[in-house]
Amino acid sequence: MTFKKLLPLIAATLVCGSCFVAEARQPQQPATKKPETAAQPVQPKWKLFRAPDGRFTVLMPGTPNKETQTQKTYMGEIDLEIFFAQPPKQQVAYVVVYNEFPHSYGTLTNPQTILEQAQAMVLKTTKSNLISQRNIRSSNGHPGKEIEFVNAGGKITKSRMYVAEGRLYQVMAITTKKQQQTLSKTITGYLNSFQVVLR
């Protein structure tokens, strides 16, 4: 199989990158207001988010934005469902992306092959270097992979991918090295909160 078979992942990684860039480039507040916000950083209110179709749940810092993109592939058009949230005053984006595979592809392709090719596509698309990787499983037994990587701009992404019931899920936290150190426990809690809901 070629990388073209996982073309939908390209849009996902590009969307994630643009979300973070938008947050990082927001204009700074006037210097007179900085001391007020620096002393009391805004803490987002985390709440359980259930996907509109009910097939996954995850803790998010507020209500996530939703976007749908359609990608043309050799299998036909595939829709990417993207959910993302960015807490104020923090250089971090929390993202969940999934796409459905045609029935024949999902049933005939080894899940581990899908995960390995998804990892290769993400690294290639974002021009990133792999920091770590490990095989994982969802709480209800679906095969998955956790990877951490850094791109040329220094942004670090920690991602968990799962193949479940004809879908590929990607759960990501994208941040800077400095912000990652202060949000390490929060990011782990976010990733741990993701649950595939069995039909």
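Colleague: Why is D53 called partly exposed?

Modeller: Its relative accessibility is 37%. Buried means under 20% relative accessible area, exposed means over 50%, and partly exposed lies in between (1.4 Å probe, protein chains only). So D53, at 37%, counts as partly exposed. Bear in mind that this is a predicted model, where local features need pLDDT of at least 70, side-chain atom pairs need 80 or more, and totals for chains, interfaces and linings use all residues. Residues are numbered from 1 along each chain as its sequence is written, and side-chain values use heavy atoms, without hydrogens and water.

Colleague: What makes the contact between D53 and R167 a salt bridge?

Modeller: The N to O distance is 2.4 Å. The definition asks for a side-chain nitrogen of Lys or Arg within 4 Å of a carboxyl oxygen of Asp or Glu. The pair therefore qualifies. Strands here are DSSP runs of E, at least two residues, numbered from the N terminus.

Colleague: Is R167 buried or exposed?

Modeller: Buried, because its relative accessible area is 2%, under the 20% limit.

Colleague: How do you know that E100 and R55 form a salt bridge?

Modeller: Their closest N and O atoms are 3.7 Å apart, within the 4 Å cut-off. E100 sits in strand β5 (residues 92-100) and R55 in the loop between β1 and β2, 45 residues apart. R55 is buried at 8% relative accessibility, whereas E100 is partly exposed at 37%.

Colleague: Which strands does the salt bridge of E81 and K66 tie together?

Modeller: These side chains meet at 2.7 Å, N to O. E81 lies in strand β4 (residues 76-85) and K66 in strand β3 (residues 65-73), so the pair joins parts 15 residues apart in sequence. E81 counts as buried at 14%; K66, at 46%, counts as partly exposed.

Colleague: Which residues do salt bridges with shared partners join into one network?

Modeller: D53, R55, E100, E165 and R167. The whole structure has seven salt bridges.

Colleague: What makes W46, L48 and L59 a nonpolar patch?

Modeller: A patch takes residues with over 30% relative accessible area and no salt bridge; nonpolar side chains (Val, Leu, Ile, Met, Phe, Trp, Tyr) are joined within 5 Å, like charges within 9 Å. L59, in strand β2 (residues 56-61), has 33% relative accessibility, which is over that 30% limit. Together the three expose about 270 Å² of accessible area, by the Shrake-Rupley method with a 1.4 Å probe, where only the protein chains shown count as cover for residues.

Terms used: Helices (H or I, at least four residues) and strands (E, at least two) are DSSP runs, numbered from the N terminus.
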